[in-house]
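Visitor: I would like to learn how to read salt bridges and helices in a model. Please take me through one.

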Amino acid sequence: MPAPPCSSCHAARAALRRPSSGCALCGPCFCTAFEAEVLHTVLAGRLLPPGAVVAVGASGGKDSTVLAHVLRELTPRLGISLRLVAVDEGIGGYRDAALAAVRRQAARWELPLTIVAYADLFGGWTMDAVARSTAGSGRSRSCCTFCGVLRRRALEEGARLVGATHIVTGHNADDMAETVLMNFLRGDVGRLARGGGLGSPGEGGALPRCRPLQFASQKEVVLYAHFRRLDYFSEECVYAPEAFRPNYSNT
Ligand code: SF4
(Lines give C-alpha, C1' and ligand atoms only; values in the text may rest on other atoms or scores of the structure.)
Protein backbone atom coordinates (compact mmCIF):
# COMPACT_ATOMS: atom_id res chain seq x y z
CA MET A 1 0.00 0.00 0.00
CA PRO A 2 1.49 3.38 -0.97
CA ALA A 3 2.30 5.82 1.85
CA PRO A 4 -0.36 8.52 2.41
CA PRO A 5 0.40 12.10 1.39
CA CYS A 6 2.16 14.33 3.92
CA SER A 7 -0.54 15.95 6.04
CA SER A 8 1.43 19.23 6.15
CA CYS A 9 2.61 20.00 2.60
CA HIS A 10 0.18 17.58 0.84
CA ALA A 11 2.77 17.34 -1.95
CA ALA A 12 5.21 14.62 -0.91
CA ARG A 13 4.50 11.13 0.36
CA ALA A 14 4.63 10.72 4.14
CA ALA A 15 7.80 9.08 5.42
CA LEU A 16 6.65 8.55 9.01
CA ARG A 17 3.72 8.73 11.36
CA ARG A 18 4.53 10.76 14.46
CA PRO A 19 4.13 8.69 17.63
CA SER A 20 2.87 11.68 19.61
CA SER A 21 0.16 12.96 17.26
CA GLY A 22 -0.32 10.18 14.70
CA CYS A 23 0.36 12.81 11.99
CA ALA A 24 1.77 11.42 8.72
CA LEU A 25 4.59 13.69 7.53
CA CYS A 26 7.31 13.74 4.89
CA GLY A 27 10.93 14.09 6.07
CA PRO A 28 11.31 17.87 5.49
CA CYS A 29 7.96 18.71 7.13
CA PHE A 30 8.80 16.47 10.10
CA CYS A 31 12.14 18.28 10.58
CA THR A 32 10.43 21.69 10.37
CA ALA A 33 7.85 20.59 12.97
CA PHE A 34 10.56 19.14 15.22
CA GLU A 35 12.55 22.40 15.14
CA ALA A 36 9.39 24.45 15.81
CA GLU A 37 8.65 22.30 18.87
CA VAL A 38 12.15 22.79 20.27
CA LEU A 39 11.80 26.53 19.65
CA HIS A 40 8.51 26.49 21.54
CA THR A 41 10.11 24.57 24.43
CA VAL A 42 12.89 27.16 24.70
CA LEU A 43 10.62 30.20 24.36
CA ALA A 44 7.74 28.98 26.54
CA GLY A 45 10.15 27.86 29.25
CA ARG A 46 12.26 31.06 28.92
CA LEU A 47 15.28 28.79 28.89
CA LEU A 48 17.73 30.80 26.80
CA PRO A 49 17.35 34.60 26.81
CA PRO A 50 18.50 36.67 23.81
CA GLY A 51 22.22 37.34 24.11
CA ALA A 52 22.90 34.10 25.96
CA VAL A 53 26.21 32.38 25.26
CA VAL A 54 25.21 28.74 25.24
CA ALA A 55 27.56 25.84 25.88
CA VAL A 56 26.26 22.67 24.25
CA GLY A 57 27.44 19.55 26.07
CA ALA A 58 28.68 17.71 22.96
CA SER A 59 29.41 14.00 23.19
CA GLY A 60 29.31 13.12 19.50
CA GLY A 61 26.21 10.97 20.14
CA LYS A 62 22.81 11.40 18.51
CA ASP A 63 21.16 13.52 21.20
CA SER A 64 23.81 16.21 21.52
CA THR A 65 24.35 16.18 17.75
CA VAL A 66 20.65 16.81 17.12
CA LEU A 67 20.55 19.43 19.88
CA ALA A 68 23.51 21.35 18.46
CA HIS A 69 22.10 21.18 14.95
CA VAL A 70 18.61 22.33 15.93
CA LEU A 71 19.91 25.18 18.10
CA ARG A 72 22.20 26.26 15.29
CA GLU A 73 19.16 26.41 12.99
CA LEU A 74 17.29 28.43 15.63
CA THR A 75 20.16 30.76 16.53
CA PRO A 76 18.90 33.72 14.46
CA ARG A 77 15.42 33.51 16.02
CA LEU A 78 16.70 33.01 19.56
CA GLY A 79 19.49 35.60 19.35
CA ILE A 80 21.97 33.31 21.12
CA SER A 81 25.49 32.18 20.30
CA LEU A 82 26.69 28.61 20.57
CA ARG A 83 29.87 26.95 21.80
CA LEU A 84 30.49 23.20 21.75
CA VAL A 85 32.02 21.84 24.94
CA ALA A 86 33.13 18.20 24.91
CA VAL A 87 34.40 16.18 27.85
CA ASP A 88 37.21 13.66 27.47
CA GLU A 89 36.64 11.19 30.30
CA GLY A 90 39.73 9.18 29.38
CA ILE A 91 37.97 6.02 28.21
CA GLY A 92 40.20 4.02 25.90
CA GLY A 93 38.58 2.50 22.82
CA TYR A 94 35.55 4.78 23.02
CA ARG A 95 35.99 8.46 23.64
CA ASP A 96 38.60 9.17 20.97
CA ALA A 97 36.23 8.10 18.20
CA ALA A 98 33.34 10.04 19.76
CA LEU A 99 35.50 13.18 20.01
CA ALA A 100 36.45 12.79 16.36
CA ALA A 101 32.73 13.05 15.53
CA VAL A 102 32.45 16.24 17.63
CA ARG A 103 35.46 17.73 15.83
CA ARG A 104 33.85 17.00 12.45
CA GLN A 105 30.61 18.67 13.60
CA ALA A 106 32.44 21.74 14.87
CA ALA A 107 34.29 22.09 11.56
CA ARG A 108 31.17 21.53 9.42
CA TRP A 109 28.95 23.88 11.41
CA GLU A 110 31.71 26.42 12.09
CA LEU A 111 31.14 26.33 15.83
CA PRO A 112 33.94 26.89 18.36
CA LEU A 113 34.85 23.67 20.18
CA THR A 114 36.56 23.27 23.55
CA ILE A 115 37.51 19.87 24.97
CA VAL A 116 38.08 19.48 28.69
CA ALA A 117 39.71 16.31 30.04
CA TYR A 118 39.19 14.56 33.37
CA ALA A 119 42.94 13.97 33.55
CA ASP A 120 43.60 17.73 33.51
CA LEU A 121 40.77 18.66 35.85
CA PHE A 122 41.02 15.86 38.41
CA GLY A 123 44.71 15.39 39.16
CA GLY A 124 45.43 12.85 36.44
CA TRP A 125 42.40 10.65 37.10
CA THR A 126 40.71 9.23 34.01
CA MET A 127 37.61 7.04 33.92
CA ASP A 128 39.83 4.09 33.00
CA ALA A 129 41.89 4.74 36.16
CA VAL A 130 38.70 5.01 38.25
CA ALA A 131 37.44 1.73 36.75
CA ARG A 132 40.74 -0.02 37.54
CA SER A 133 40.69 1.24 41.10
CA THR A 134 37.08 0.12 41.70
CA ALA A 135 37.43 -3.27 39.91
CA GLY A 136 37.21 -6.15 42.36
CA SER A 137 36.15 -3.85 45.16
CA GLY A 138 32.50 -4.69 44.65
CA ARG A 139 31.96 -1.15 43.33
CA SER A 140 32.60 -1.83 39.66
CA ARG A 141 28.94 -1.16 38.83
CA SER A 142 29.46 2.39 40.06
CA CYS A 143 31.64 3.60 37.16
CA CYS A 144 28.79 5.66 35.74
CA THR A 145 27.95 7.03 39.17
CA PHE A 146 31.47 8.46 39.49
CA CYS A 147 31.50 9.53 35.86
CA GLY A 148 28.15 11.32 36.15
CA VAL A 149 29.44 13.51 38.98
CA LEU A 150 32.79 14.23 37.30
CA ARG A 151 31.15 14.89 33.97
CA ARG A 152 28.77 17.47 35.41
CA ARG A 153 31.69 19.28 37.01
CA ALA A 154 33.82 19.06 33.84
CA LEU A 155 31.03 20.47 31.68
CA GLU A 156 30.61 23.35 34.12
CA GLU A 157 34.36 24.06 33.98
CA GLY A 158 34.40 23.89 30.18
CA ALA A 159 31.39 26.18 29.90
CA ARG A 160 33.00 28.78 32.17
CA LEU A 161 36.20 28.52 30.16
CA VAL A 162 34.38 29.59 26.98
CA GLY A 163 32.46 32.39 28.71
CA ALA A 164 29.08 30.63 28.55
CA THR A 165 26.09 31.98 30.45
CA HIS A 166 24.00 28.81 30.01
CA ILE A 167 24.55 25.06 29.53
CA VAL A 168 22.31 22.82 27.43
CA THR A 169 22.34 19.03 27.35
CA GLY A 170 20.72 16.60 24.93
CA HIS A 171 18.50 14.61 27.32
CA ASN A 172 15.35 13.50 25.53
CA ALA A 173 11.93 12.40 26.80
CA ASP A 174 13.02 8.74 27.04
CA ASP A 175 16.01 9.75 29.20
CA MET A 176 13.72 11.72 31.48
CA ALA A 177 11.30 8.80 31.82
CA GLU A 178 14.23 6.47 32.61
CA THR A 179 15.45 8.85 35.28
CA VAL A 180 12.03 8.95 36.95
CA LEU A 181 11.82 5.14 36.84
CA MET A 182 15.34 4.72 38.25
CA ASN A 183 14.67 7.14 41.10
CA PHE A 184 11.41 5.33 41.81
CA LEU A 185 13.15 1.93 41.92
CA ARG A 186 15.84 3.35 44.19
CA GLY A 187 13.22 4.95 46.40
CA ASP A 188 14.96 8.30 45.98
CA VAL A 189 12.11 10.57 47.03
CA GLY A 190 14.28 13.71 47.05
CA ARG A 191 15.26 13.33 43.39
CA LEU A 192 11.71 12.39 42.40
CA ALA A 193 10.46 15.58 44.04
CA ARG A 194 13.13 17.72 42.33
CA GLY A 195 12.68 16.17 38.86
CA GLY A 196 10.26 17.20 36.16
CA GLY A 197 11.47 20.74 35.43
CA LEU A 198 13.14 21.82 32.22
CA GLY A 199 16.46 22.30 33.93
CA SER A 200 18.09 24.00 36.87
CA PRO A 201 18.24 27.76 37.30
CA GLY A 202 21.86 27.74 38.45
CA GLU A 203 21.82 27.26 42.17
CA GLY A 204 24.93 27.70 44.29
CA GLY A 205 26.75 29.75 41.68
CA ALA A 206 26.44 27.08 38.97
CA LEU A 207 25.48 28.10 35.44
CA PRO A 208 21.81 27.60 34.52
CA ARG A 209 21.24 24.28 32.73
CA CYS A 210 18.38 23.16 30.54
CA ARG A 211 17.26 20.32 28.26
CA PRO A 212 15.59 21.70 25.12
CA LEU A 213 14.91 18.15 23.78
CA GLN A 214 13.17 17.07 26.96
CA PHE A 215 9.81 16.64 25.21
CA ALA A 216 11.21 14.90 22.11
CA SER A 217 11.08 11.11 22.03
CA GLN A 218 14.23 9.15 21.31
CA LYS A 219 12.60 7.78 18.18
CA GLU A 220 12.01 11.26 16.80
CA VAL A 221 15.54 12.37 17.72
CA VAL A 222 16.88 9.47 15.64
CA LEU A 223 14.48 10.28 12.80
CA TYR A 224 15.55 13.94 12.80
CA ALA A 225 19.21 12.88 12.63
CA HIS A 226 18.32 10.55 9.78
CA PHE A 227 16.40 13.08 7.70
CA ARG A 228 18.98 15.82 8.29
CA ARG A 229 21.75 13.30 7.46
CA LEU A 230 23.65 14.15 10.62
CA ASP A 231 27.00 12.53 11.26
CA TYR A 232 27.12 11.14 14.81
CA PHE A 233 28.86 8.45 16.81
CA SER A 234 26.62 5.57 17.81
CA GLU A 235 28.80 3.09 19.68
CA GLU A 236 28.17 2.44 23.35
CA CYS A 237 30.66 3.38 26.06
CA VAL A 238 32.67 0.36 27.23
CA TYR A 239 31.34 0.87 30.79
CA ALA A 240 27.69 1.26 29.76
CA PRO A 241 26.85 -2.47 30.21
CA GLU A 242 27.68 -2.09 33.92
CA ALA A 243 25.42 0.94 34.34
CA PHE A 244 22.23 0.82 36.36
CA ARG A 245 20.35 2.89 33.76
CA PRO A 246 20.06 0.32 30.95
CA ASN A 247 19.68 -2.58 33.38
CA TYR A 248 16.90 -1.48 35.69
CA SER A 249 14.35 -3.48 33.74
CA ASN A 250 16.26 -6.64 34.65
CA THR A 251 16.58 -5.92 38.33
FE1 SF4 B 1 30.64 7.80 31.78
FE2 SF4 B 1 29.03 5.70 32.19
FE3 SF4 B 1 28.50 7.43 30.21
FE4 SF4 B 1 30.59 5.78 30.03
S5 SF4 B 1 28.42 5.17 30.09
S6 SF4 B 1 30.60 7.97 29.54
S7 SF4 B 1 31.29 5.68 32.17
S8 SF4 B 1 28.47 7.86 32.40
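Visitor: Is E35 buried, partly exposed or exposed?

Guide: Start with the cut-offs: buried means under 20% relative accessible area, exposed over 50%, and partly exposed in between, with a 1.4 Å probe and protein chains only. E35 has a relative accessible area of 11%, so E35 is buried. One caution on the source: this is a predicted model, where local features need pLDDT of at least 70, side-chain atom pairs count only at pLDDT 80 or more, and totals for chains, interfaces and linings use all residues. Residues are numbered from 1 along each chain as its sequence is written, and side-chain values use heavy atoms, with hydrogens and water left out.

Visitor: Which residue meets E35 in a salt bridge?

Guide: First the rule: a salt bridge is a side-chain nitrogen of Lys or Arg within 4 Å of a carboxyl oxygen of Asp or Glu. Here the partner is R228, at 2.9 Å from N to O. R228 lies in the segment after α9 (218–227), while E35 sits in helix α1, so the bridge ties together parts 193 residues apart in sequence. R228 is partly exposed, at 28%.

Visitor: How are helices and strands assigned and numbered?

Guide: They are DSSP runs, numbered from the N terminus: helices are H or I with at least four residues, strands are E with at least two.

Visitor: How many salt bridges does a search of the whole structure find?

Guide: Ten. One of them joins R18 and E37, at 2.7 Å from N to O. This pair links distant parts of the chain, 19 residues apart. R18 is in the loop between β1 (16–17) and β2 (24–25), and E37 is in helix α1 (residues 27–44). R18 counts as buried at 5% relative accessibility, whereas E37 counts as partly exposed at 39%.

Visitor: Which residues are linked with R18 and E37 in a network of salt bridges?

Guide: E220 joins them in that network.

Visitor: How do I check the span of α1?

Guide: Compare it with the expected span, 1.5 Å times one less than the number of residues. α1 has 18 residues and reaches 26 Å from its first C-alpha to its last, close to the expected 26 Å. R46 follows α1 and has a positive phi, near 50°.

Visitor: What do the buried residues of α1 pack against?

Guide: Begin with the geometry. An α-helix has 3.6 residues a turn, so residues three or four places apart point the same way. In α1 the buried residues include F30, F34, V38 and V42. Contact means heavy atoms within 4.5 Å. The buried residues of α1 pack against β1, β2, α2 (62–78) and α9.

Visitor: Where do E156 and R209 lie?

Guide: E156 is in helix α6 (residues 143–161) and R209 is in strand β8 (residues 209–210), 53 residues apart. They form a salt bridge, with the closest N and O atoms 3.8 Å apart. E156 is buried at 13%, and R209 is buried at 12%. The helix itself, α6, has 19 residues and reaches 26 Å, close to the 27 Å expected. Just after α6, G163 takes a positive phi of about 75°.

Visitor: What is D63 in contact with, leaving aside its neighbours within four places in sequence?

Guide: The list is G170, N172, D175, L213 and V221. D63 lies in helix α2 and counts as buried at 14% relative accessibility.
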